[in-house]
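Here is a short briefing on one protein model. Keep the sequence and the 3D view open as you read.

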Amino acid sequence: MVLAVLAAAFFLFFWQRYVMLGNGMTVVAERNGEVIGSYPLDHNQRLAFTDDKGKRNVLVIQEGKAYMEEADCPDKLCVKQKAIERNGESIICLPHKLVIRIAGGEEGEVDAVAWIEEGCGYEEKNG
């Protein structure tokens, strides 16, 4: 029984990770709350974002992930953030007022699966 649960969890993890990768997901770039671009997550590319004051960020979309490769902001925290790949994840550069986020794909992605078998000792209490 435990082997079946582990096999199912393993299958669901790899299904979500590799088969569903980039399934309609996009990388959305926003500055000051306004969308300035939208790019497919499954298309490798390198994008430079420069504002009207010359502030620059370079974003890389590669192998279903997006990460900030360069930035000329003082702290470079956006460059230090991990790559994003799931719906709702984001990279934020506060000095440049730039937000990069993942949108689309399937809503409510599954992080874990659990079920209760009948007769396993679980009792529902009412009231």
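The points below cover a sheet, a core and one histidine.

This is a predicted model: local features need pLDDT of at least 70, side-chain atom pairs count only at pLDDT 80 or more, and totals for chains, interfaces and linings use all residues. Residues are numbered from 1 along each chain as its sequence is written, and side-chain values use heavy atoms, leaving out hydrogens and water.

**The sheet**
- Strands here are DSSP runs of E, at least two residues long, numbered from the N terminus.
- An open sheet of 3 strands has the order β3-β4-β5, with antiparallel pairing.
- β3 and β5 are the edge strands, each pairing on one side only.
- Two strands pair if DSSP finds at least two bridges between them; β3 and β4 are joined by 6.
- Q45 has I61 in β4 as its bridge partner.

**The core**
- The largest nonpolar core has 20 residues.
- Such a core is a set of buried Ala, Val, Leu, Ile, Met, Phe, Trp, Tyr and Cys residues joined through side-chain atoms within 4.5 Å.
- V27, F49 and I100 are among those with the most contacts inside this core.

**The histidine**
- H96 sits in the loop between β6 (90-93) and β7 (98-104).
- H96 counts as buried because its relative accessibility is 4%; buried means under 20% relative accessible area (1.4 Å probe, protein chains only).
- Beyond neighbours within four places in sequence, H96 is in contact with residues including R31, K55 and D72 (contact means heavy atoms within 4.5 Å).

Methods:
Helices (H or I, at least four residues) and strands (E, at least two) are DSSP runs, numbered from the N terminus. Buried means under 20% relative accessible area, exposed over 50%, partly exposed in between (1.4 Å probe, protein chains only).
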